[in-house]
Amino acid sequence: MKKKKKPQLLWQIKSPTAPGASFLFGTMHVRDLRAFDYQELVCEKIDTCVAFATEINLNEASLVLGDQSMDLPDGKSLDQLFPPKKFKKIARFFYQTTGFPIDPFVNSHPMMLVNILTSSILSQDRPVSLDEFLWKYAERQDKLLLGIERVAEQLEIMASIPLEFHLRSLWLMAKNVSRFRKSLLKMATMYQSGDLSRILKSAKKSSGGMRKLLLYDRNLLMAERITGLVTEQPTFCAIGAGHLGGKRGVLKLLKDEGFKLSNVRVGPRIS
């Protein structure tokens, strides 16, 4: 019988040159209850740190990311960018999944629709996503709140991804509804298990031809920024779990910088 791996989502970071122990946690950007299995232990470790950092500063993001940042270029609309039959199928899928007509969203970037659909398919057990929950917790504990990446950097990445990539992603969701639902639910269960190799495989598959831009380049940048943060003060860093594992993942990059990383044993969620 194959031995079940213990979850690999929470790691302690230590170095002789660092002022104390820091932590790195792989999150899932959803409100599904399965993503919150480790919240008690994670909050306990946040309490031991001076600072808390997510991929971007969420307070800054709420000010900078207005509705226009998720709009299509002027003069573009989804009903123009898709052939009539495809758009009709997408509109039907959107309504059946969210309960809303697609009309108010025809000028929205397809990535916004993908996010709305994903959120609608997964359970919305909590009022905010895991990242937001941890951010608000750290804020209540008067932690120094930081962003590992800058909002402008993420906007630049989004702008550099061809629109056709996003359009294709939206179409594939509508074209293979049952497959997409199944893959999303599988992803939530996979995250709950904390198996980084499976999570990375899924992240690479969903990134497709944008793997270097969305994963590997960002891993390098995040590892560099995390190095600076944990050297300054004990910091709890929370990033998407897909960035942690693999030969080009943040864990390996931090080890290459001389940090000692140890997997923190996690238990089931306490109700």
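Select glutamate 44 first: with a relative accessibility of 44%, glutamate 44 counts as partly exposed, because that word covers everything between buried (under 20% relative accessible area) and exposed (over 50%), computed with a 1.4 Å probe on protein chains only. A salt bridge here is a side-chain nitrogen of Lys or Arg within 4 Å of a carboxyl oxygen of Asp or Glu, and the structure holds 7 of them.

This is a predicted model, in which local features need pLDDT of at least 70 and side-chain atom pairs count only at pLDDT 80 or more, while totals for chains, interfaces and linings use all residues. Residues are numbered from 1 along each chain as its sequence is written, and side-chain values use heavy atoms, with hydrogens and water left out.

Next, select arginine 218 and glutamate 55, whose closest N and O atoms lie 3.0 Å apart in a salt bridge. This pair links distant parts of the chain, 163 residues apart, with arginine 218 in helix α11 (residues 211-232) and glutamate 55 in strand β3 (residues 51-56); helices (H or I, at least four residues) and strands (E, at least two) are DSSP runs numbered from the N terminus. Both arginine 218 and glutamate 55 are buried.

Finally, select aspartate 217 and lysine 212, which form a salt bridge with closest N and O atoms 3.1 Å apart. Aspartate 217 is partly exposed at 31%, whereas lysine 212 is exposed at 51%.
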